[in-house]
Amino acid sequence: MTTIVKTDPVRPSNDSVEAAAEVIRRGGLVVFPTETVYGLGANAYSREACLQIFKAKERPPDNPLIVHISDMGMLKEVAGRVSSEILGKLERVWPGPVTVLLQRSERIPDTVTGGSALVAVRMPDNILSLELIRKAGVPIAAPSANISTRPSITDSRHAIEELDGRVDFIFDCGPTAEGVESTIIDISGRECTLLRAGAKPVEELEEIFGPIRITEFSRGLLESTVPLAPGMKYRHYSPRKKLYLASSRLFAREVSERSEFLGKILIIGSEETCAKSRLDCISLGKEADLDEVARNLFSALREFDKTQCEIGIIQPFEERGKGLAVMNRIRKASSGYTENLDSLRTYLN
Ligand code: TXA
Ligand code: MG
């Protein structure tokens, strides 16, 4: 049985957080909002509890989990020795949508790190999640709450649709603030590397951590067979219907103006593109407002699946600021690329 409780994520009711914390302490599963996406959490110190996460999410067992902490004191318990220089830098980005890889401590079971010597840690910028961790008294291991390969969950509506019956507790708190997951960087070595673009723009992180290596892999361009982040070799963010990335904004607009595709193709694009479209459209927001586009993306992918259209065409966005994360998610969610009407027609039945 799943308990579903509605509360305000900024001023959560004490009773709801206490009830969820009790579930965590007993080794159960809680779906909770963070500032990025909903997480599916369990006691990070308990191997048995964390194994339940993999089961509920149908997640491959070698894909490690992020450990969420509520304060710097907890960092000392989950990570090995952290230099005061790194601590100072972390204090500038936390709480916030930044996950770092650090040497793990012995308290963190192999189940959480996939056997790696490094643990991924973050302090979320969301009052409910911080209260939950504090009340539970243990760090919370949590991947994004979606079933494996599906788009991340950014609205509790979708959490209830997908997870009712699979977990012990779901917080019904509406949409999340950021809409894309945290930025993941590996700071365990001498060079700082981006493992996943996310809600915190790399440009801002470089001001704190110095130069960050951005691989083609982290932009979603290459699916490496030797993944930097173990889990990143898996299929991700996929709607059930086929989605194709248009080669340019202009080509997406050209498609959207062709009434021959009416009822067959759905356009996912900016407000500007949708305004002129003759086809069914899901707007992600103003073209230049990449924060808004990031916020709407995952919900749009889920809504696309509920439409009658055969396939979807999504337009590209600028790869600056949050656009780097947006384009990474779009590339991974897409089955392919389309650059002319002939190739597009072959995708239709
Ligand atoms: O915003 C977020 O990061 C959300 C919220 C819930 O915090 N969490 C999230 O978790 O997106 P997940 O599991 O969906 O994505 C985390 C990624 C995975 O691709 C995983 O492989 C990688 O981080 N990761 C976790 N621990 C790792 C480790 N020890 N070494 C390398 N990669 C790791
Ligand atoms: Mg995920």
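## Helices H7 and H11

Helix H7 (residues 156–163) and helix H11 (residues 290–305) pack with their axes 11 Å apart, at an angle of about 50 degrees. They are therefore oblique to each other; angles under 35 degrees count as roughly parallel, over 145 as roughly antiparallel, 65 to 115 as roughly perpendicular and the rest as oblique. Axes here are lines fitted to C-alpha atoms, for helices over the stretch in contact, and angles run from 0 to 180 degrees between N-to-C directions. Helices are DSSP runs (H or I, at least four residues) numbered from the N terminus.

This is a predicted model, in which local features need pLDDT of at least 70 and side-chain atom pairs count only at pLDDT 80 or more, while totals for chains, interfaces and linings use all residues. Residues are numbered from 1 along each chain as its sequence is written, chains are lettered from A and ligands numbered from 1 in the order in which they are written, and side-chain values use heavy atoms, leaving out hydrogens and water.

The H7 and H11 crossing is left-handed, meaning that the near helix is turned anticlockwise from the far one by less than a right angle (clockwise for right-handed). Arg157, His158 and Glu162 of H7 meet Ser299, Arg302 and Glu303 of H11, where contact means heavy atoms within 4.5 Å. By class, these residues are two polar and four charged, with no nonpolar ones; Ala, Val, Leu, Ile, Met, Phe, Trp, Tyr, Cys and Pro count as nonpolar, Asp, Glu, Lys and Arg as charged, and the others, Gly among them, as polar.

## Helices H1 and H6

Now to another pair: the axes of H1 (residues 14–25) and H6 (residues 127–136) come within 8 Å and cross at roughly 50 degrees. That angle makes H1 oblique to H6. The crossing is right-handed. Residues in the contact include Val17, Ala21 and Ile24 of H1 and Leu128 and Leu132 of H6. Seven nonpolar, one polar and four charged residues take part.

## Around ligand 1

Let's turn to the ligand. Of the 24 residues around ligand 1, those coming nearest are Thr36, Asn63, His68, Ser144 and Ser182; a residue is near if one of its heavy atoms lies within 4 Å.

An N or O atom in the side chain of asparagine 63 is 2.7 Å from a ligand oxygen, and for serine 182 the distance is 2.5 Å. A polar side-chain atom of arginine 196 lies 2.8 Å from an oxygen atom of ligand 1.

Key
Helices (H or I, at least four residues) and strands (E, at least two) are DSSP runs, numbered from the N terminus. A polar contact is a pair of N or O atoms within 3.5 Å; within protein, one must be able to donate a hydrogen and the other to accept it, and residues adjacent in sequence count only if both atoms are side-chain atoms.
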